[in-house]
Amino acid sequence: MTETEFLDLADLTLKQIEDAFDRLNDEDVIDVECKRSGNVLEIEFIDNGSKIIVNSQAPLQEMWVAARSGGYHYKRVGDEWRNTRDDSEFFASLSKYAGEQGGAQVSLV
């Protein structure tokens, strides 16, 4: 994948995440505020002030997630972002991390 293709895909991924959290917030599933600055998306859980940070790393062609439970790297495999350590799928994992931090059942898939 070229750098331009990666940047387009990373931008789309960040937009999908932001849209999903906005929808969940509007539906009163979870109280979050998303802030985006370039390739960094900050998801703040209003009830407890914790955050999840998602950002793209163009040189490595990876998406990175920093959550309370740790730091995770995801590389594109086929049509999915997969964890470089345990092969878990990005959106399912992010749903789990958000549920743990926000105290609600979250599905971004």
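How many aromatic pairs does a search of the whole structure find? The search returns 4 aromatic pairs. The model is a predicted one.

One of these pairs joins Tyr74 and Phe90. Their ring centres lie 5.0 Å apart and their planes stand at 85 degrees, so the pair is edge-to-face. The cut-off for that class is over 60 degrees. Tyr74 belongs to strand S5 (residues 70-77) and Phe90 to helix H2, so the pair ties together parts 16 residues apart in sequence. Both partners are buried. Tyr74 has a relative accessibility of 0% and therefore counts as buried. Phe90 also has a relative accessible area of 0%, which places Phe90 among the buried residues.

Phe90 takes part in a further aromatic pair, with Phe91. This pair is edge-to-face as well. The centre-to-centre distance is 5.1 Å, and the angle between the planes is 90 degrees. Phe91 has a relative accessibility of 15% and counts as buried. The limit for that class is under 20%. Through these ring pairs, Tyr74, Phe90 and Phe91 are linked into a cluster.

The packing of the helices is considered next. Helix H1 spans residues 3-26 and helix H2 spans residues 90-102. The two helices pack at an angle of about 40 degrees, and their axes are 12 Å apart. That angle makes H1 oblique to H2, because angles under 35 degrees would count as roughly parallel and those from 65 to 115 as roughly perpendicular. The crossing of H1 past H2 is right-handed. On the H1 side, the contact is made by Thr13, Gln16, Ile17 and Phe21. On the H2 side, Phe90, Phe91, Leu94 and Ala98 make the contact. By residue class, the contact of H1 with H2 holds 6 nonpolar residues, 2 polar and no charged.

A separate site involves strand S1. Ser37 lies in this strand, which covers residues 32-37. Is Ser37 buried or exposed? Its relative accessibility is 56%, so Ser37 counts as exposed. The threshold for exposed is over 50%. Ser37 and Asn55 are 18 residues apart along the chain. Their C-alpha atoms are separated by 9.6 Å.

Technical notes:
Residues are numbered from 1 along each chain as its sequence is written. This is a predicted model: local features need pLDDT of at least 70, side-chain atom pairs count only at pLDDT 80 or more; totals for chains, interfaces and linings use all residues. Side-chain values use heavy atoms; hydrogens and water are left out. Axes are lines fitted to C-alpha atoms, for helices over the stretch in contact, and angles run from 0 to 180 degrees between N-to-C directions. Helices (H or I, at least four residues) and strands (E, at least two) are DSSP runs, numbered from the N terminus. Angles under 35 degrees count as roughly parallel, over 145 as roughly antiparallel, 65 to 115 as roughly perpendicular and the rest as oblique. A crossing is left-handed if the near helix is turned anticlockwise from the far one by less than a right angle, and right-handed if clockwise. Contact means heavy atoms within 4.5 Å. Ala, Val, Leu, Ile, Met, Phe, Trp, Tyr, Cys and Pro count as nonpolar, Asp, Glu, Lys and Arg as charged, and the others, Gly among them, as polar. Rings of Phe, Tyr and Trp (its six-membered ring) pair if their centres lie within 6.5 Å; planes under 30 degrees apart count as stacked, over 60 as edge-to-face and the rest as tilted. Buried means under 20% relative accessible area, exposed over 50%, partly exposed in between (1.4 Å probe, protein chains only).
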